Amino acid sequence: MFDLVVQGTAILPEGVRDNVWIGVKNGKIAAIGEGDAPEAKEQHKVTNGVILPGVVDGQTHACSYGGLPGIESTTRSAIAGGVTTLVDMPYDNPDPLNTEARLDDKVRTIEDVAHADMALYATVAPGQDVSEIGALIDGGVVAFKISTFESNPTRFPRIQTPQMVEIFEALAPTDIPLGVHNEDQDMVHAYMAKAKSEGKNGLVAHSESRPASAELSATAQFLELGAAAHAHAHIVHLTTARGFQLVDNYAFDGYRATGELCVHYLWFDPEIDGEELGAKMKVNPPIRPGEIDVLWEEILAGRVGFISSDHSSWPIDNKFTPSIFDAGAGIPGLETLLPCFYTAAEQRGLDAASLTAEMLCERPARFFGIWPQKGGIQLGADADFAILKNEPQIWDSANAHDDLNWSPFDGRTFSVTVDRTYLRGQLAWDGEKVCNAAGDGSYVRRGDSNWFED
């Protein structure tokens, strides 16, 4: 007898299947069939919606404000949003994850307080030699990240070009990607100073002070350094079609190059939403005017690696500053990622369910080396499911589970609602409340899959 059988329309790696049943045993998918469902200790039939794999959010910042304890509320929010695996960034407060000891501390915290599973990025501090990289890889990290722009000298520092080369060379023999926050610091500082001197403020001024040229020049340099070392260079947030085309040029030439898109770049426009939202939609690199349609073209052309939330655990007080230039950059997004992307795809007449499973589940799982354990409904995989019902909702962050309770998406209508979330066969979200316990989440180590293996 199965522990759980879920039945309905499901998105499998081979496509959409109606009237399918999925049998779960010991937290794994043990059987998949059609027709009458077999007996199970627990059964759930989906009649007005779709069964998706649990979402793999490839870019989150659980610990950027509250430190390691922030994992609890962040993963609770993830589960409520159908996100069963978070790939968390290394820029923790007060110290980044750049040593084996800090990795051990974060893994222990995950095992103690997480509601969802987590995989981890690591980083390298300025001036740190590369000797610790091997131990961090042995410890299971799925990727490394650095920045060309310094937001904080300790927690979010700038890495100089010679050290970038050293890191690339150390990672080149491996399948581990090196990601980058891609903005040219000198250009941004100069444009910010100019905007301030002219008395400019607001979201449009923020976007203009961090122009696409600053993003693209940092992107191009990083891609070329990665190509020279024959390492995997990954751009963690591109905001323009040109950026994805740059990445594609390197991939076409046979280099390991990828680019990622965050969902808010597909939803907001500073010239449309900036006056209403102000700093509530401030992110870096900034959301650019007039890019939504061409970014969708990049997705459909296959040049976007995957879609992430870039969830930041900043309290709203961080946004209340007289100047846009002093407000914190980043927005919450774990409970809006799945319904937001699904809705946006559906509004464009696309196969929203299949595209969501591809861009939010399978592709990030493959990228971070955790496929086929995560990201797909298939035999032997973890029984992680996000069940959507075809019921519109108006987003109200007062009901969010992230202890932040603010969002630029407030008042926006999504066409679907996360009805249930299962983590390794256990009901974790029942549509009204998170019903698994802190500590039910686990640390996910990088496996053997490789984005470039084909």
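**Notebook: aromatic pairs, sheet, pockets and loops**

I counted the aromatic pairs and got 16. I note here that the model is predicted.

**Sheet**

I followed the strand order next. An open sheet is made of eight strands, in the order E12-E11-E10-E9-E8-E7-E6-E15, and the pairing is parallel. Strands of a sheet pair through backbone hydrogen bonds, either parallel or antiparallel. Which strands are at the edges? I found strand E12 (257-259) and strand E15 (311-312) there, each pairing on one side only.

Strand E11 (residues 233-235) is joined to E12 by three bridges, and the two run parallel. Ile235 is opposite Gly259 of E12. Helix H7 (residues 212-229) lies across E11 and E12, and also across strand E9 (143-147) and strand E10 (178-181). I read the angle between H7 and E11 as about 160°.

I took the largest pocket and noted a volume of about 580 Å³. It has 28 lining residues, and those closest to the centre are Ser151, Asn284, Trp314, Gly328 and Ala329. I sorted the lining of this largest pocket by class: nine residues are nonpolar, eleven polar and eight charged.

The second largest pocket holds about 250 Å³ of space. Here 14 residues form the lining, with Glu335, Gln393, Trp395, Thr417 and Trp429 closest to the centre. Which strands supply at least two residues each to the lining of the second largest pocket? I found strand E17 (393-394) and strand E19 (417-423). By class, I noted six nonpolar, six polar and two charged residues in the lining of the second largest pocket.

**Cavities**

I counted two cavities of 30 Å³ or more. The largest cavity has a volume of about 70 Å³. Its lining includes Ser77, Pro332, Gly333 and Leu334, and also Trp406 and Ser407. Glu335 lines the largest cavity and is among the residues closest to the centre of the second largest pocket; I noted Trp395 in both places too. The lining of the largest cavity divides into five nonpolar, five polar and two charged residues.

The second largest cavity contains about 30 Å³ of space. I listed its lining as Pro53, Gly54, Gln373, Lys374, Gly375, Gly376, Asp382 and Asp384. Of these, one is nonpolar, four are polar and three are charged.

**Backbone in the loops**

Where are the cis peptide bonds that I looked up? One runs from Asn93 to Pro94, with omega near 10°. Pro94 is in the loop between strand E7 (83-88) and helix H2 (100-113). Another runs from Trp371 to Pro372, with omega near 5°.

My last entry is Asp403, which is not a glycine but has a positive phi of about 65°. I found Asp403 in the loop between E17 and strand E18 (413-414).

Conventions:
Residues are numbered from 1 along each chain as its sequence is written. This is a predicted model: local features need pLDDT of at least 70, side-chain atom pairs count only at pLDDT 80 or more; totals for chains, interfaces and linings use all residues. Side-chain values use heavy atoms; hydrogens and water are left out. On a 1 Å grid over the protein atoms alone, a cavity is a set of points where a 1.4 Å probe fits but cannot get out, and a pocket is an open set with protein on both sides within 12 Å along at least five of seven lines; lining residues have an atom within 4 Å of a point. Grid points are joined across faces, edges and corners, and a volume is the space filled by probe spheres set on the points. Ala, Val, Leu, Ile, Met, Phe, Trp, Tyr, Cys and Pro count as nonpolar, Asp, Glu, Lys and Arg as charged, and the others, Gly among them, as polar. Helices (H or I, at least four residues) and strands (E, at least two) are DSSP runs, numbered from the N terminus. Two strands pair if DSSP finds at least two bridges between them. Contact means heavy atoms within 4.5 Å. Axes are lines fitted to C-alpha atoms, for helices over the stretch in contact, and angles run from 0 to 180 degrees between N-to-C directions. Rings of Phe, Tyr and Trp (its six-membered ring) pair if their centres lie within 6.5 Å; planes under 30 degrees apart count as stacked, over 60 as edge-to-face and the rest as tilted.
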